[in-house]
Amino acid sequence: MEQAKVMAISGAAGGLGPTVARAFFNAGASLALAGRSEEKLVLLLDTLGVPPMRRLASGVDLADAAAARAWAAAVQERFGRVDVVLHLVGGYKGGASLAELSLSDWNELQGMLIGTTLSVVRAFAGILKRGGGRFIAVTSPKAQAPTAKSALYSMAKAASDALVLALADELRGTGSTANLVVVDSIDFPEARGTEPRKPYGKSTPAEEIAAAMLFLCSDKAATINGARVPLTGKTA
Ligand SMILES: NC(=O)c1ccc[n+]([C@@H]2O[C@H](COP(=O)([O-])OP(=O)(O)OC[C@H]3O[C@@H](n4cnc5c(N)ncnc54)[C@H](OP(=O)(O)O)[C@@H]3O)[C@@H](O)[C@H]2O)c1
């Protein structure tokens, strides 16, 4: 990164978040992390050694539009600006055939994957329109190529992607961008230790996702907007 940035990272204490947060912190960024569990966020910030002046941990249900707006306002108030929003909220439900799909799974996925994206996009769109900002979310190839056993997840990711691409359209000409990075699955450093024999052939290492995000947040990526950046090379 060319200069120290203020990062708002949603779903930061999940599988991918810690690696991404570490990469941006090491690049000089301040971290404003959100997720449902404030405790997990504080633990992550402590583990990374983020000093008080460069951290904010907010325990919020981001499916709640008012809570997401309050988080965006808190980041603004704390740091005076927001440069980058990384939307990393995730979760998966799948495995059922179409006749067996569960409405409660759909309700859960709707809130988790569509509701949170809608709230976060709405909360930060006005800030990003001031220019020079970045919004990045992580999606799956299933959003464009659903499989029989992933219908609900595919539907939810497709809707979430649509929101990010709509934001990209709204940001056109402002100097800010919104993009998607695409991964089949993620190879987390922690999982390598606990599941040493799991085949990671189709997975993208978390460090490579963080590196792609750092590039998308750099000045050199100022013209990349509304893109699906595929980090799925290992499956080709
Ligand atoms: N993992 C994969 O293989 C894979 C594949 C393709 C795409 N992706 C995408 O990559 C991104 C990161 O994946 P991941 O595996 O790191 O995700 P994850 O661990 O499943 O989820 C990240 C965090 O989202 C938070 N979260 C869930 N619902 C929330 C809500 N309503 N409000 C606030 N926070 C909420 C959870 O925090 P709390 O614990 O505090 O609730 C969780 O730690 C996600 O967008 C995911 O869809 C992942």
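The radius of gyration used here is taken over C-alpha atoms, and the globule rule is 2.2 Å times the number of residues to the power 0.38. Keep in mind that this is a predicted model.

Start with the whole protein as a C-alpha trace. For 236 residues, that rule puts a compact globule near 18 Å, and the protein comes out at 17 Å, so the two agree.

Now switch to cartoon. As for how the chain packs, residues 24 or more positions apart account for 70% of the contacts with a separation of 6 or more, and 41% of the 236 residues are buried.

Next, go inside. The largest nonpolar core has 65 residues, and L33 and I209 have the most contacts within it. Colour helix 4 while you're there: with eight residues, it gives the most to this core. Then centre on L33. Which residues is L33 in contact with, leaving aside its neighbours within four places in sequence? Pick out I9, A12, A21, L41, L44, L45 and A57.

Last stop, the ligand. Select the 25 residues around it; G11, G14, G35, G90 and V138 come nearest. Helix 4 (103-128) turns up again here, along with strand 5 (134-139) and strand 7 (185-187), as the elements that give two or more residues to the shell. Colour that shell by class and you get ten nonpolar, twelve polar and three charged residues.

Note on methods:
Residues are numbered from 1 along each chain as its sequence is written. This is a predicted model: local features need pLDDT of at least 70, side-chain atom pairs count only at pLDDT 80 or more; totals for chains, interfaces and linings use all residues. A residue is near a molecule or strand if its C-beta atom, placed from the backbone, lies within 6 Å of it. Helices (H or I, at least four residues) and strands (E, at least two) are DSSP runs, numbered from the N terminus. Ala, Val, Leu, Ile, Met, Phe, Trp, Tyr, Cys and Pro count as nonpolar, Asp, Glu, Lys and Arg as charged, and the others, Gly among them, as polar. A residue is buried if 20 or more other C-beta atoms lie within 10 Å of its own, exposed if 12 or fewer, and partly exposed in between; C-beta atoms are placed from the backbone. Two residues are in contact if their C-beta atoms, placed from the backbone, lie within 7 Å. A nonpolar core is a set of buried Ala, Val, Leu, Ile, Met, Phe, Trp, Tyr and Cys residues joined through C-beta atoms within 7 Å.
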